[in-house]
Amino acid sequence: NLWKSEDRMYTSKPNIWKHQVPPPQSVILNPTLRAYIDQYLDKVLALFGLNKGAIQCFKEVAVEKARLERDNVVAYERALKQDLIGLIVPDNEDQALNQRATVIYDQIAPYLCGDSLLDIGCGNGLIADLARGHFKEIKLLDVVRYLPNALHLSFELYTEGQPLPISHSFDTVLLLTVLHHSKNPLELLKLAWGATGKHLIIIESVVGVHKAEPAASYELVGLPIEDQIAYAAFVDWFYNRVLHNDVPVPYNFTTPEQWRLIFLENNMKLAQSKHLGQDIDIGPEYHMLFVLEK
């Protein structure tokens, strides 16, 4: 399974859905995707506080180091992280993360219901914090604690593959851009569904979207699924491994149609689905909202 970038062939690896995922070095060097990656880096690095000169310099170095570290993604990741030391402005980063949380909260707010909330893969907890006023009980889970103590929310570490560390179901359960980070997204989905009393709200990054949807922009709508996966993988890797630390990235992206089929096969009632598009500036993968109802 080979992926061509510049004049070299790279080995891609299948994700759990058998979609081939090329390494990030090959994506930034790919002639078809280079302009899209360029635009992404311009936007996300500006949001994190870099000026135009610093962004241009970083992009040039990122391309050169992609050529130098063609076969070593760990070394490439480490090199880019090193190049960003001292350039990211903490206040700008906080503002970007708060904006992301606000966008997502506004998308899910109409579907929050009941007295209890379970946020699986909660990250920094900002979305659950915004939802605090809706619920009497809130519990947050993640494989690493990214949650700041200042939020004073109930948190528990979760080891993937184990039962959820809960003693009862929750009226509303969240899986917000989490499933593609899971090594076994189907198993995690089933665990979340089992923990759901009323609504399971999912936002997931998807690929294979080839038709423009109203109010859901997608720069890559005309590109084949292979290019959409490559772009999504690069964005996922750069945001979670370069701008942040050690977030698992198995790149388990798949299509909206596959998710709908999975819900159907597992007797999960799909009450609502919505194309959100590239709605998050700091992570412009194509997002879908799914609301499953008990």
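**View 1. Val 173 stands opposite Leu 200 in β9.** This is a predicted model, so to speak of local features we need pLDDT of at least 70, with side-chain atom pairs counted only at pLDDT 80 or more, while totals for chains, interfaces and linings use all residues. Residues are numbered from 1 along each chain as its sequence is written, and side-chain values use heavy atoms, leaving out hydrogens and water. Strands β8 (residues 170–176) and β9 (residues 196–206) run parallel and share six bridges. To count as a pair, two strands need at least two bridges by DSSP; strands are DSSP runs of E, at least two residues, and helices are runs of H or I, at least four, numbered from the N terminus.

**View 2. Here's the open sheet, in the order β7-β6-β5-β8-β9-β11-β10, with mixed pairing.** From one strand to the next, the twist averages 15° (axes are lines fitted to C-alpha atoms, for helices over the stretch in contact; angles run from 0 to 180 degrees between N-to-C directions).

**View 3. Helix α9 (residues 256–265) lies across β9, β10 and β11.** Its direction is at about 15° to β11.

**View 4. Helix α7 (residues 185–194) has Pro 185, Leu 188, Leu 189, Ala 192 and Trp 193 buried (under 20% relative accessible area, 1.4 Å probe, protein chains only).** They share one side of α7 because they cover an arc of only 140° around the axis, taken from the directions from the helix axis to the C-beta atoms. Their cover includes β5 (116–120), β8, β9, α9, β10 and β11, going by contact (heavy atoms within 4.5 Å).

Key: Buried means under 20% relative accessible area, exposed over 50%, partly exposed in between (1.4 Å probe, protein chains only).
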